[in-house]
Each structure stands twice: as structure tokens, then as C-alpha cells.
Amino acid sequence: MLFLLLSLSLLCLSALLTVFCNARPERANFIGAAGAVSASAVGLFPAVRTLLHPAAETLSLPWPVPMASFSLTLDPLSAFFLVPVFILTAAAAIYGAGYFRPEEKKAPGLAWTAFNLLSAAMAVVFLAANAVLFLLAWEVMGVSSFFLVIFDHEKAQARKAAYIYLVAGAAGALALMFAFSLLGVQAGALDFAAFKRPEGPLAAAAFLSFLLGFGLKAGVIPLHVWLPEAHPAAPSHVSAVMSGVMIKTGIYGLIRALGLLSPWAPWWGWTLILIGLGSCLLGVVFALAQHDLKRLLAYSSIENIGIIVLALGLGVLGTAMGLYPLAALAFGGALLHVLNHALFKGLLFMGAGAVLHGAGTAEMEALGGLSKRMPRAAFLFVLGAAAACALPPFNGFAGEFLIYLGAFSALNGPANIVLAALLALAVLSAAGALALAVFSKAAGAVFLGEPRTQAAAGAHDCGPLMNAGMTLLAAACVVSGFAAPFLILPVSTALGAAFGLRTTLDFSGAAATPLIYLTAAFLALAAIVWVLAEKRRFFLGGRQPAAGPTWDCGYAAPSARMQYGASSFSQPLTAFFQPLLRKTLNIPVIAGYFPGKASFSSEARSVVFDHLYAPVIVRLRGLAFRFSWLQHGRLQFYILYIVAALMALLLWKL
Amino acid sequence: MEIIKPLIQYLAVIILSPLLLGLINRVKAKFAGRRGQPLLQLYFDLYKLSYKTPVYSRTTTWLFRAGPVIGLSAILCALAALPFAGRPGFLAFDGDFIFLIYLLGLGRFFTVLAALDTGSSFEGMGASREVQFAVFSEPAFFLALAALSKATGKLSLSGMFLALEPASWQAAAPALLLLTAALFIILLAENSRVPVDDPNTHLELTMIHEVMVLDHSGPDLAYILYGAALKLWFFGALIASAVLPRHSGSWLYDGAAFLGMMAVIAAAIGTVESVMARLRMIKVQYLLMGALVFSILALLFQTGR
């Protein structure tokens, strides 16, 4: 616990110091990054130790806030979520030190302040053992990331994104306050340890409001509208942290809430399953239609959150129906995917940042051929993309494998569960194939072929610090892919802290053998690749391969614009999913014998926002204008409102 | 002796796989009234290609060279987990088929990237179609295996096929028949056979798999052709194991029956190719959805039992 306090203080101290370095970019970069990296190194130690030797440590400090206590508890579940926070903070800080260029006019000092505060707030969210402290840290997390989203404030899109983000954050916090006060009224205190399950429908109300609050932060569909706006707007290493770990605070909260509200009703499981299925399938379909690399990655995060929520739902349903092996495998798969998604999505966002940094745009139709201009970033991005498609032997596979295995093991259970398992299998496999389409499109359009524009042709490689941050995460992706059996212990202790000892035992019993075999198979695969590569070299026999142009079917003057672009690559699938996507196509009418210039464009707008939220917002705005007479801009009346409200409260309390 | 049996089986697979394509070509030639190419033509091709000097496009990078190596490695690794004549392969564990399907995905991912690496729009088209059809065939494959797993109560590929007995066919014939049909459609799609793709077509615009490898030459092309033969064996072996539930216990006898069944499947593919034309590109997804529906029906029959 001492180490964690030291880590938190380091983060806060460096956040404070960077405020004063706003005029000196180099110094701000150094202090901010050094603070974040050292804090992560210090913080990783107690987190890993708690996972290996499960114990719960609590620290309570006096705090003169009513109903609150400054109590932090480090148990294996918190520790499991802290590990990706610290890994990603360190990698993103190293990367960020290279990403904020000193020659740019914009000073990075305040961005570092917000970044380090964000990391500290996330750590406190995972540690807090009191609802007031939790909500406070939750709000600090929201506000500091708001400042990072609005970093490029001169762009209208970033301002819009930040505004939506702020509103979504406030709505989520409101739902959480409601849920915590429901529990607090029952318990008479706001400490997590004092909370008991409310009786009857109140438990369901608490579950639903937790689901709303945490679902908003996690970005499940249909509560996701802020995510594809906010994540791409932030600087890329911040997007990595936001998509990698910040949305996982929603998952953490959901797991804690489920722990508080046990035993569960089967329909809770079904609710989570349906939300998960929807987010998983729609997230990846929306990702396929995007033109901007960072937006594509943001939608892919929604898909992965969907997979995690689906697994949680299977676990809840399995437990409620007494099918414990399914529950253990699903919960374990969810936790493993939390960690793995953090690593590969962080890497991918950093890769997208390298593209943005080097070519000045992340618009996929304007890129191409970057593999020659930034070979290292291209290699790391392809590796991350393979992990994101859950391809063996990288780390994305293990978590999904356990969820699949859980679903298969449930096939001989009661009909209710069989239906859930089959739905999960069908959607997971379709989403897996779609993810492959998404990431082959992204990697292909951005890095392969010939550059489509001057900007792409003149792209420059990223610096050593950015490469180092990405390499760190890529190494973590490979290592945690091959070392999946070593993750059984941490996952099972975290499961024990969340759902009880039974889940721990069920999980280590069910997952150990397959994961060990998987690692053996991964090693066999690596050996075969090595042998075949050597064999190829032998076949070549030292001959120099000839170089020529790409086969163009005899066409005399091919140009880079004739390549298959990102949207042509995904066109068959986006056409198939058009009823869901509602892409707007501007198809030119070509008439006459000598048609002039014509242009075609397509746009994938946010369907859920346009068709679900926009009509409601219009109604609400109409309603709000009826009360506009209250808002006249005279300060003295506003002060009167405040005084009157306070007096009313005082009278009510007396 | 028991120890080296899986090794002999594996060797048999990697040696005999190219023969399947020879058989298919022979059957097609018979239908067309031709004599056809030699049975061993693919072996000759592979030998010739291995010692040719490759030509690389100036647009390409390391991914173009890595694609064939990783593609062939993925399928070779998958074959190690495949049961042979009702006997488990090297790697048999709970959930091994999940690993196998994702291994095929690994091969597909790198083949597609290698195709996109050339910057040719023909290869882009092929890559686009390849990932599109996988979206329909992968769920069909998963659900077919789910039906098999439900019919046998086992969680590994070897376990499922070992638990499959003549009695299971008597009890669940409609379900097993449907899932065999689904697997056959998936075989045709995954291996780019008629009616999904025509391996003999001469027009780049209409190809799927062949167009993705247009630029590969020399040992790289040899790897790709060999990988395609192994993939055909992979899917054929699944079907052969499903329709050959009787195991005598004698390794030689079972092995011979299994190989005979593989020849029958090759003949079936050749027959399909000879008697029907390929579908229009936009109709392929309906064929694959047919496979998905077959799998779901098989599951329904299993659940209803």
C-alpha cells in the first residue's frame, strides 16, 4: 500500500510541476513522462504482488467529508485492473514524450498535467472502498480526460466531441449516484464493505442504474455515442489510455456491482448478454464503415467491450442457472480479455498516432505505402492488428478462446443456456471474421501498396521514443500471448476477489489444461514458421530475386489512385450491412456523351445518434425553451435562486 | 509403435495432400472426355517452382514474403491437431477446433495482407472477397461444430469424431447429414472451388483466391499451392471423419478406409465442378448462408431430440 501511495503522489506531484512548465515544452515532456513512468514502475510492484499472493490490504485516512472515508483497498480484483493501467501509462508516457513536438506552438504542459491526473484518478477508482471517494475519483477521471479530448480545441470537431463527452460523463455519474444512494440508504453508510443487497425490486433498480452508469463509461451500444467522437479527438497516446484502460473502469464497476448485488436473477444475465451481443456485432460493423483510422479503432473498442460484457452476461446467467464451469470460463475469459485488449488497443492507437504524426492525416483513403516510410511502426501495427483479430499466437486469442470454450461446454445444459451459448458462438465468430476484415482493411489501406497522396508519400518515420512506447506494448502482446498459462493464477485470484472462491477453483480447473496445450501449439506454430522460412532461404539458394512492377494485366499506365482503397475493400460487406449502417452515398449522375468531372463520396454517420438521440434532443430542447424565462442572464437573480434554494433546503432539514 | 503412429499419419497427410487435386482434375477430365494432366502434376509443379528464382514487385515489402510462409505454417500446424481415421493427432485438447479455425484466420490475414502489399487492384478485389466470404462461412463452421459437439458431448475434435459411432448416425441421421452438407459447402468456399470460385478461370476480375496470389512466384508460389492442397485435405478429412463412424480398431484397415473416403470426396468435388457452373459473385453469400442454415437446422434437430 505504501508503494501505491508513493505512486499516486508521484503522479500528482509531476502533474503539479508540469503546470508550471507550460512555457518550456522540453521540460514539461521530461517531467510529465518521468513522473508517469516512475509512478507506474512503483505501482506495478504491489499490484503484481497482490495477484500472486492474494490478500486484501486496506488503508484508511481521516477525511472530514460527511458520509465519506478516504479508504483505499487493494484486493486482487483491483490489482488485476491496476496492472494494465500502469503498463499503459508508462508506455503512453514514453510515447507521448516523443509525440508532443517541442517545435509545435501548442504547449504540452497542461496536457501532461491532465494525463498524469487521469492515471492517478483511474488508480484511485480501482482502489476506492467508499462510494464518495469512488465518485470523486470518477469525476476527476472524467474531467481530466475532458481536457485531453479538447486538446486540439481549435478544431470544431474536437470541441463537439468534448461537449458530448462531458454530457455523457455527467449522465453516467448521475446514474451512479442514484445507485450508490440506493445501497447507502439500506446500509446507512457509503463504504463498500457496509453495502448489502437490497430486497426485491430495489436490487433490480440498483442493477439497472449501475448498468446505465458503468455502461456509459464502458461505451456499450446504445450508450456509446460519445466514444467514437472523444477517443479519436484526444492526442494518440491519450486515446490509447482511454480506449485501453479508461473504458475498463466501467467493466470494473460492473463486476464490483455484481459482487455487491449477488445472488443474481437470470434476466440480469440475459440483459448483459443482449447488450454484449449488440455491441459486439454493431461495433465491428460500424468499424468496417469508417474512413478515419482512429475512429475505426474506437469502434473496435466498442466491439471488444461488447465481447467482455457478453462474457459477463454468460457468467451471470451460468451462475444463476447453476452451470458453474460456464460461469467460471466466461468470467475468466472476460478478465483476460480486459488485460489483452488494453495491450493491443493501446499499441494500435499509438500506431495510428504514428501515422497521424508522420503523414499529417489518419484518413485511410489518403494514405498507403507507409510500410516503406515507417517500417517499424508498420510492423508493430500489423502485429497489433493480428492480436486484435484474436489470431494465434498473439494475446487477443486466449480470452476469446475461454469464452468460446465456455459456450461450447454449456451446449448440453438447459435449453435457456443453450440458446445463449449458441447466440454467443454465432455472433462471436461472425464478429471475429468481421474484425479480420476491419483490420486487414486498416493495415492494408494505410501501410501497404503505393501512397495515394503527396502527404502519404512524404510521410516521415516516428522518433525513438514513440517507437519505444509501441515496442513495449508489442512485446507485452507477444509475451502475454505465449504466456497465457501463467496468467491463470492472477485471473483466478482476481475472480476469487470478485465472485468468491468457487469461481477461482472452477476456473483454474477448467482453463489450465487447454491453455497449456495452446501454448504448446503456439510454440509448434512458431517452430514451423521458422523451419519454413529457413527452407525458403534454402530454396532461394543465395540467388538474388528479380525486381519488377506489380502485375497490372498489361495495362500501360497504372497510377496509385487505381489501387483498391479502404472503402472499396469493405464495400461488399458494407453493402450487405447497409440496413444497419445507413451510409449516405453521393452518387453522381453521369449524362451526355462527354461527361465532365464527377465525384463520389460516402459517409458513415453515427446511426444511433441520428436515429435514437437526435429526435429526443430536439424534443428536450423544445421543452427547455419553455423555461427560458428563468434564464435571462442577470447575475443578481441567479444569486437569488441560489440563496432561495439553500434556504428551502435548510427549512426542509429543520 | 503407438508413439510413431501419429507421426506416420501426419507424414501421410503432408505427402498425399497434393494427390487430391490430381484426383479432382482426373475426374473433371473424365467428365469432359479428355485424358487430363498426370495424377502427380502438382508434385511436378511444386518441384519446378521451388527451384525457380522469384520476381518481386518494387511496391512490396516484407509482408509479401511473409504471407506464403505464415499461410503454409498455419495450415501445417492445424493439420497436427486433425484426427486421422478416428485417431487423435498430436495436438488434441478441449477446444482445439477453436484454435484450428483461428489458425485458418491467421493464414487468411497474412495472405490478404500480402495481396494488398502489391498495390494491385485485382489483388485488392480478391482480398476483399476473401474476407467477405469468411464472415458467412466462419459462423456456419462454428455452428456445424457446435452441432457435432452437442451430438457427441465432447469438446475436442478428436473426441467428437471418436465418440461418433454408427449408433449416433442411426439416432441423429438428419442432424449429421445436415452438418455434413454444411461442411461440404464450407469446403467448397474455403478452398475456392466451383461454384464459389473457379480455379481454372482466366479472368482476373472474377477470381478470388487465385487473384490474390497473382504476383507470387518461385518458392513462394510453391508454398501457396502446397498450402491450398493441405487446406483441401483439412476440410476433406473433417467430412471423411464425419461420414466414417465405424472403427474396426485395426489401424491399417481404418487408415485405408479413411484414405478411400478422401478419394471419394475428391471425386465428389470433381463431379460438382463438372456438372455446375460457378455462381455469380453476389450469389455466393446466399450459398454460404445456406450452409449456416444447415448448421442451425442440425442444431435444432439435436436440441429437439
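The legends below accompany several close-up views of a predicted model.

**Figure 1. The two assigned domains of chain A.** In this predicted model, the domain assignment divides out two parts of chain A, with domain 1 covering residues 266-539 and domain 2 covering residues 608-653. Between the C-alpha centres of domain 1 and domain 2 of chain A there is a separation of 44 Å.

**Figure 2. The interface between chain A and chain B.** The size of an interface is often given as the accessible area lost when the parts come together. For chain A and chain B the buried area comes to about 6400 Å², and carbon and sulfur atoms account for 74% of that area. Chain A brings 72 residues to the contact, while chain B brings 73 residues. Between the two chains, 20 residue pairs are in polar contact, counting pairs with both residues at pLDDT 80 or more. On the side of chain A that touches chain B, the elements giving two or more residues are the helices H14 (370-373), H15 (375-388), H16 (396-409), H17 (415-447), H21 (501-540) and H22 (566-576), together with strand E3 (546-548). The largest share of this side, 16 residues, is provided by H17(A). Sorted by class, the side of chain A that touches chain B consists of 52 nonpolar, 13 polar and 7 charged residues.

**Figure 3. Salt bridges between and within chains.** Side chains of opposite charge can pair when their charged atoms come close. Over all chains the structure holds 15 salt bridges, and 1 salt bridge is found across the interface of chain A and chain B. Within chain A, a salt bridge joins the side chains of Arg502(A) and Asp506(A), at 3.4 Å from N to O. Both Arg502(A) and Asp506(A) belong to helix H21 of chain A, where they are 4 residues apart, or about one turn of the helix.

**Figure 4. Backbone features in the loop between H15 and H16 of chain A.** Most residues other than glycine have a negative phi, and most peptide bonds are trans. In the loop between H15 and H16 of chain A lies Ala390(A), whose phi is near 60°, a positive value in a residue other than glycine. The loop between H15 and H16 also holds Pro393(A), and the peptide bond leading from Pro392(A) to Pro393(A) is cis, with omega near 5°.

**Figure 5. A cis peptide bond in chain B.** The peptide bond that runs from Val194(B) to Pro195(B) is cis, with omega near 10°. Pro195(B) is placed in the loop that lies between helix H7 (166-190) and helix H8 (209-212) of chain B.

Terms used:
Residues are numbered from 1 along each chain as its sequence is written. Chains are lettered from A and ligands numbered from 1 in the order in which they are written. This is a predicted model: local features need pLDDT of at least 70, side-chain atom pairs count only at pLDDT 80 or more; totals for chains, interfaces and linings use all residues. Side-chain values use heavy atoms; hydrogens and water are left out. Domain bounds come from an automatic or database domain assignment. Contact means heavy atoms within 4.5 Å. Buried area is the accessible area (1.4 Å probe) that two parts lose on being put together, summed over both. A salt bridge is a side-chain nitrogen of Lys or Arg within 4 Å of a carboxyl oxygen of Asp or Glu. A polar contact is a pair of N or O atoms within 3.5 Å; within protein, one must be able to donate a hydrogen and the other to accept it, and residues adjacent in sequence count only if both atoms are side-chain atoms. Ala, Val, Leu, Ile, Met, Phe, Trp, Tyr, Cys and Pro count as nonpolar, Asp, Glu, Lys and Arg as charged, and the others, Gly among them, as polar.
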